[in-house]
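Subject: Structure handover

Hello,

Here is the structure I promised to pass on. My notes follow below it.

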Amino acid sequence: MKFWAAVAAVSLLTATEAAAAPQVLQANPSDVKSRNIEGRSFKLAQIKNVHFNQHGKGPRALAAVYEKYDIELPETLLTVLRQILLDIGFDLRARSLMSARTPDNATAPYNNNTGQGEVTATPIPFDVEYLTPVDIGNPPQTLPLCFDTGSSDLWVFSSNTPVSQQGGQKLFHIDNSTSAQKLQNHTWSIRYGDGSGSSGEVYLDTVDVGGIKVENQAVETANQVSSSFTRDEHSSGILGLGFQPINMVRPNKQKTFIDNALKSLAMPLFTANIRKAAEGNYNFGFIDETEYLGNLTMIPVDAASGYWKFKGTAFSTGFNGTNSAISDIVVPLEHPAIADTGTTLLMIPEAIVQAYYRQVANAYDSKIYGGWVFPCNSTLPDLTLYISSYKAVIPGELINFAPADLDDPATATICYGGVQSSRGFPFAIYGNVFFKAHWTMFHVEEKKLGFAPRSGE
C-alpha cells in the first residue's frame, strides 16, 4: 500500500472529474456523415499467418517495437533475443560481425545509439500473426500484407529483392505488371533499431484493397530487406495507414493508399476490429455498429506528426476487485501516445507499468525474459487508461500475453505481460493489446480517432 499512499499525496481525479476533460465529442454513428453517397464501403478480413512461430513470442514482440521505432534494444533484451534466435535455428555466426553505420541525421528520441556510430545487427524476427490480402498491378498479384497505422509506406518483397534476402515470401513481380511505371530518381529507405535497414526503388502502379482501386499508387519495391523480415515467409510487406509526413520516399514523399482512396469511399474513414486469438477485420468507408457497444468517443489527433497521435491523460488499476474504493482512484498522468495496429503490445509510461504490476503477486521485470513477467496462474487485474473522457478498460485476461518459460500455455508457469514500459520511446504505443478491447475508428479526413468497447462476439 506504500505506492498508493504516495499516490494520495498527488493531485487525484475522480472518474467524474476525468470525464470533464476537453476536446472530446460523444457521437452516434449517424453523427458521422457520409461524404460520398456513391462511394464504396467494404469489410476486409484478416488472415492468420499459419507459419507464425510462437517461441519467444513475448520478447520478440517487445524487440519488434524497439526495432520498428529505431530505438536501441536494452542489452538484457538483446541477450534474450539472441538465445531465442538460436533456439529457432537462426544462424547468427554469419551475422556476428555485421554492423550498420548511423546516418548523420539520426537524432533522439528515434535513435538511442551509443555515440560510436555503429550498432550490432542482431536481426529481430518481424513475424506478423495476422495479415490482409492486397492486389497490386495488372493483372493483379495478391500479396499478404500487414496493415500498419504506425507507418506510412506501402513496401513489398519484389522481383528486385535479392534471392539471399528472400525467405519464401510471395513476390511482386514488377515486369509482370503492365501498369508498373518506375518513379524516376526516387528511392525509399527505412532504418531499424538493430542497425539494419530496408530500401529500394519506387514504382507507380494499381493497388486494389477490397475492390477500391487506386491507380498510380506509390509501391516501394525492396532491393534490400532487413534480415528481420526475411524469416517470415508468409508476409510480403507492409501497407502503412499513417499520415504522409512519415512516408520514407525521397526526394518527394508520396501519398499513402488511404489518402488516395478517400475520394472513392462513402465515408473518409476506416475502422479496426482486432480480436483475441482470432482473425479480425478492417472496414473501409462505413461503420458497423454491431462491432462495438454504446456511443463513440471522438478524440482529436495530431496528424502533423505523421502518426495517429493523441494524449493519454490518466490511469487506474483494478486491484483484482478486492478494494473497489481504491480501484476507483484515477491518477492523472498525461502522456503522448499513438494508435498503432502494427504493434502487438501496449507500451505505456513506466509509472503506469510499475503501478499495475505491483498489484500482481510475484510479477517482476525480468532480465531472463527481457520484460515484465508473472506467474501464469495469476488472476490479473484490469487496467484502465483515460483518453480525455474515454475510459478504456483493458481486461486482465488480455494482459496475459504469452507463455515465457515454455511454449505450451498448458504447462508454462511464467507468462509474459502484454503491458510493457515505453521508457526511452518518444511516446506511448497503444498496440493490439489495446485494440482487442476497444474498437477504433480512424477518421482520415477529420483527423480524429473514435473509441468504443468492442462487442463480445
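Where is the place of Gln141? Gln141 sits in strand β7 (residues 141–148). Helices (H or I, at least four residues) and strands (E, at least two) are DSSP runs, numbered from the N terminus.

First, the ground rules. This is a predicted model: local features need pLDDT of at least 70, side-chain atom pairs count only at pLDDT 80 or more, and totals for chains, interfaces and linings use all residues. Residues are numbered from 1 along each chain as its sequence is written, and side-chain values use heavy atoms, with hydrogens and water left out.

Back to Gln141. Its relative accessibility is 12%, so Gln141 counts as buried (under 20% relative accessible area, with a 1.4 Å probe and protein chains only). Its side chain reaches the backbone nitrogen of His173 at 2.8 Å. Leaving aside neighbours within four places in sequence, its contacts (heavy atoms within 4.5 Å) include Val134, Leu171 and His173.

Next, helix α4. The buried residues of α4 are Leu77, Leu78, Val80, Leu81, Ile84 and Leu85. Seen down the axis of α4, they fall within an arc of 160 degrees, so they line one face of the helix. The arc is taken from the directions from the helix axis to the C-beta atoms. These buried residues pack against α3 (57–68). Just after α4, Gly89 takes a positive phi of about 90 degrees.

Finally, the whole protein. It has 10 helices and 29 strands. Of its 457 residues, 58% are buried.

Best wishes

Note on methods. Buried < 20%, exposed > 50% of the residue type's maximum accessible area, 1.4 Å probe, protein only. Polar contact = N/O pair within 3.5 Å; in protein donor to acceptor, adjacent residues only side chain to side chain.
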